[in-house]
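I opened my notebook to record what I looked up in this structure. I kept to a few topics and wrote each one down in turn.

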Amino acid sequence: MGNRKYTAEALSPWMKEDAPDRDVVLSSRVRIARNLRHLPFPMMASASQASDAMDRLLMVNESGRLNGLGEVSSIRLSELSELEKQVLVEKHLISPALANQAQHAALMLGPGEDVSLMVNEEDHLRIQCLHAGFQLKETWDTASKIDDIFEEAVDYAFDEKYGFLTSCPTNVGTGIRASVMMHLPALVITGQINRILSAVTQVGLAVRGMYGEGSEATGNLFQVSNQITLGQSEAEIIDHLHAVARQIIEHEKAARAKLMGESRLKVEDRIKRSFGILSYAAVIDAKEASQRLSDLRLGVHLGLLPGVDEGTLNELLVSIQPGYLQQAYGEALSPEQRDMTRAQMISSRLATHA
Amino acid sequence: MVCQECGQRPATLHFSKYVNGEKTELHICEACAREKGELIPGTPSGFSIHNLLSGLMDFDPSGLSGAKAQVQQQQRCEGCGMTYGQFSKLGRFGCAHCYKQFAERLDPLLKRVHGNTVHVGKVPKRAGGLVRLRREIDGLKREMQSRIEGEDFESAADLRDRIRELEREVQNG
Ligand SMILES: [Zn+2]
Ligand SMILES: [Zn+2]
């Protein structure tokens, strides 16, 4: 345990790539939900039916059909420790729901960690593709190609009227959930965020916190995704989300320019204070750390923090999460120990830049 | 406007969707959204329509009450054994057959969630062979109609032959 590359390193290879609009968009993600015909969905499946579904889906990898993606690892979740599962959740490689699935859950993971195929989550198969920056269309293309590969190998549950059948009626039809993870500090500081987000929900999109449902949006990170999966084609869904995200990006960039023009000293002071606290704090909780790292990220893109690079910040964003933190230290930590360890980890990473 | 959930506090979260000119609206207060553990946009969280599903599914368009409603709650899917009561509580289907079993109350639900009830996206080659053919036929028929209107009878006749060919394929499964 702990030696596996995908849980040992905080940054997935895809996160290190340079990508369009990275100053605002962290990642673009597309998830496709699919089920096998003739087998009950995971929630109602017996142990043998769930195991049957898992075998059929893992076979697609074993038969070499996914070779075009490089070496894809098949991982049964029962092989992983609780901590390793938590790290995979923090890296967005699996959903909390898959981590909690007790039996016959599996994961097929591409070498770049940009492709993650979840087996027996809420649906039999969830194809997830992640790209750095604003690359929604490219991400959809990748996901759709993988979908075609599976479709050649297994029979999908499909209905002429309702399309791809999913466990939850909110996913039926195309089964796709496309999302863009955005860092919007300037819109938050200038007080425009509520207006923007309510406009976004009015055009049929949803806004979520960083770790999806049930979590807080810390560090000014917002995930914007489609809500409708039925009655619109995949291209329409992607185009619509793309157009709305593009507008949010422009608003954020305009708000940053406005901040620099009208209150540069105030912004600079805030960012440098955050840098000071992160560099010298003895204890810091995850929430404050995310908020301060958000300030640093803004500072880097405004050119106010020379010497700090974005890669370090992206890495810290994952490293300060409880699962990764404990894995890095090789032991379970109490909340107080975590806050101390977190402060040490951040200050030592920042010290190399100061 | 009053919150649809508690009927007391003013609704501060409004969701409107326009799909094909049809408007679906939802109005809820922040307290109710938070109480249900949901995420709210514009606050340090987000909002998910997921958890509202069970509320929507309890909505009964037929106005059935008492014994009749109870019978409906106990209706069971032949595919996976899930009851309608379970479905409306969990907001999840147990198998593909559930979509047929609970079809009666499905369209109003899908209409409220998606503003639509018919898939127009990708069709799988294997499972959707017939659907693909039918869509192609529909497209060719529209094309044929427009050629007839343009008095291009010769190419319309070619299309008619192609349509017949495809219709034979559909009949042979
Ligand atoms: Zn309320
Ligand atoms: Zn069923």
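My entries below cover a pair of helices, the cavities and one annotated span.

Before starting, I noted that this is a predicted model.

Entry one, two helices. I looked up helix α12 (residues 322–329) of chain A and helix α13 (residues 335–351) of chain A. Their axes come within 11 Å and cross at roughly 80°. Angles of 65 to 115 degrees count as roughly perpendicular, and α12(A) and α13(A) are therefore roughly perpendicular to each other. I then listed the residues that meet. From α12(A) they are P322(A), Y324(A), L325(A), Q326(A), A328(A) and Y329(A), and from α13(A) they are R338(A), T341(A), R342(A) and M345(A). I sorted the residues of this contact into 6 nonpolar, 2 polar and 2 charged.

Entry two, cavities. I found 4 cavities of 30 Å³ or more. The largest cavity has a volume of about 230 Å³. Its lining is made up of 20 residues, and W14(A), M15(A), L26(A), S27(A) and H92(A) lie nearest its centre. In chain A, β1 (25–34), β8 (176–183) and α11 (310–319) each give two or more residues to this lining. By type, I put the lining of the largest cavity at 10 nonpolar, 6 polar and 4 charged residues.

In an unreviewed entry, UniProt lists residues 134–169 of chain B as "domain: UVR". I checked that span in the model: it is 92% helix and 0% strand, and its end C-alpha atoms lie 10 Å apart.

Conventions. Residues are numbered from 1 along each chain as its sequence is written. Chains are lettered from A and ligands numbered from 1 in the order in which they are written. This is a predicted model: local features need pLDDT of at least 70, side-chain atom pairs count only at pLDDT 80 or more; totals for chains, interfaces and linings use all residues. Side-chain values use heavy atoms; hydrogens and water are left out. Axes are lines fitted to C-alpha atoms, for helices over the stretch in contact, and angles run from 0 to 180 degrees between N-to-C directions. Helices (H or I, at least four residues) and strands (E, at least two) are DSSP runs, numbered from the N terminus. Angles under 35 degrees count as roughly parallel, over 145 as roughly antiparallel, 65 to 115 as roughly perpendicular and the rest as oblique. Contact means heavy atoms within 4.5 Å. Ala, Val, Leu, Ile, Met, Phe, Trp, Tyr, Cys and Pro count as nonpolar, Asp, Glu, Lys and Arg as charged, and the others, Gly among them, as polar. UniProt positions are given in the numbering used here, feature names are shortened, and annotations may be inferred rather than shown by experiment. On a 1 Å grid over the protein atoms alone, a cavity is a set of points where a 1.4 Å probe fits but cannot get out, and a pocket is an open set with protein on both sides within 12 Å along at least five of seven lines; lining residues have an atom within 4 Å of a point. Grid points are joined across faces, edges and corners, and a volume is the space filled by probe spheres set on the points.
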